[in-house]
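User: Can you walk me through this fold? Keep it short.

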Amino acid sequence: MEIYVAQHAGFCFGVERAVKIVRNAAGEYKNLYTLGPIIHNPQLVNDLKSQGVDVAESTEDLKEGSTVVLRSHGVEKKELDILANKNIHVVDATCPYVNKAHTEAVNLSRDGYFVVIFGEKDHPEVKGIASYIEGEYTIISSPEEAYSTDFREKIGVVAQTTQEKAVFDKIVDILKNRCNEIKISNTICNATTLRQNAAKKVAEMVEVMFVVGGKNSANTRRLYKICSEICKKTFHIETKEEIDKSVLIGVNKVGVTAGASTPKNIIDDVIEYLNGVNNGRE
């Protein structure tokens, strides 16, 4: 059985940066929290907890004098205001590409554009982007929703950084007919596109595909969706323990990819397990 691993898989720049920031903060501050999970990977969050980093689900859970690390997805503007009023020390680990999306959305709004955000309505990154917009906006998650957008004089478009570029392009084409003027700000991170394209390439080559990452990770779920449309036997797993060996019976080629919030050691464990199956050790 041949094992193919996507060329681009696992931690992206923003996630790697955020994890490094929170680990450094753990050695410097007491009463350290992250506002929500630092990234959407429960195994890494549990590892950080063992180092004294707790997760605050909301600003209400934070007491004056504590230190909070802002997660890679960013936070809503109102949350920053609350932290400042509560005199809580803030360490900012927001991904620079997410910050760019905030800035682009604000600029479009200030220039009089009706802002369309392409993303998941309930995702913290999208909520953060929306919170900085000063004018009217809407959030859409599909081309179908783009068709339902009311006609506007000027439309500005931004995207959640982990969305699929091909879908973004479809939405832009639809919105061009919903306004007299459109301004497009492609805020999808290049690392996302690289991972999606690399995953597609592997999925086209194999009989079974494993997508490794948190079940609560938007970009991992998107990789799973992309791969499952190509390779029918695609499985979303968080760890090697979730692999069902029976799906590998008679398989000659198996593929592995991983979301941008998946630590390298978890990916390596999956590959090692598959090699063990290959050599009769598992």
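Predicted model: local features only at pLDDT ≥ 70, side-chain atom pairs only at ≥ 80, totals over all residues.

User: What is the strand order in the open sheet?

Analyst: The order is β1-β12-β10-β11, with parallel pairing. Strands are DSSP runs of E with at least two residues, helices are runs of H or I with at least four, and both are numbered from the N terminus. Two strands pair if DSSP finds at least two bridges between them.

User: Which strands stand at the edges?

Analyst: β1 (2–5) and β11 (234–237). Each has a single partner strand, so one side of each is left without a neighbour in the sheet.

User: How many bridges join β10 and β11?

Analyst: Four, in the parallel sense; β10 covers residues 208–212. V212 has I237 in β11 as its bridge partner.

User: Which helix packs on the sheet?

Analyst: Helix α9 (residues 218–228), touching β10, β11 and β12 (253–258). Contact means heavy atoms within 4.5 Å. The direction of α9 makes about 170 degrees with that of β11. Axes are lines fitted to C-alpha atoms, for helices over the stretch in contact, and angles run from 0 to 180 degrees between N-to-C directions.

User: And how does α8 pack with α9?

Analyst: Helix α8 (residues 190–203) and α9 pack at about 35 degrees, axes 9 Å apart. R195, Q196, A199, K200 and A203 in α8 meet R222, L223, I226 and C227 in α9. That contact has five nonpolar, one polar and three charged residues. Ala, Val, Leu, Ile, Met, Phe, Trp, Tyr, Cys and Pro count as nonpolar, Asp, Glu, Lys and Arg as charged, and the others, Gly among them, as polar.

User: What about α4 and α5?

Analyst: α4 (residues 96–110) and α5 (residues 124–131) pack at about 35 degrees, axes 8 Å apart. V98, A101, H102 and A105 in α4 meet E125, G128 and I129 in α5. By class, four are nonpolar, two polar and one charged.

User: New topic. Which residues line the largest cavity?

Analyst: T34, P37, I38, V45, L48, V53 and V55. Six are nonpolar, one is polar and none is charged. α2 (42–49) and β3 (53–56) each give two or more residues to that lining. On a 1 Å grid over the protein atoms alone, a cavity is a set of points where a 1.4 Å probe fits but cannot get out, and lining residues have an atom within 4 Å of a point.

Note on methods. Residues numbered from 1 in each chain as written. Heavy atoms only, no water. 1 Å grid on protein atoms, 1.4 Å probe; cavity = no way out; pocket = protein on both sides within 12 Å on 5 of 7 lines; lining within 4 Å.
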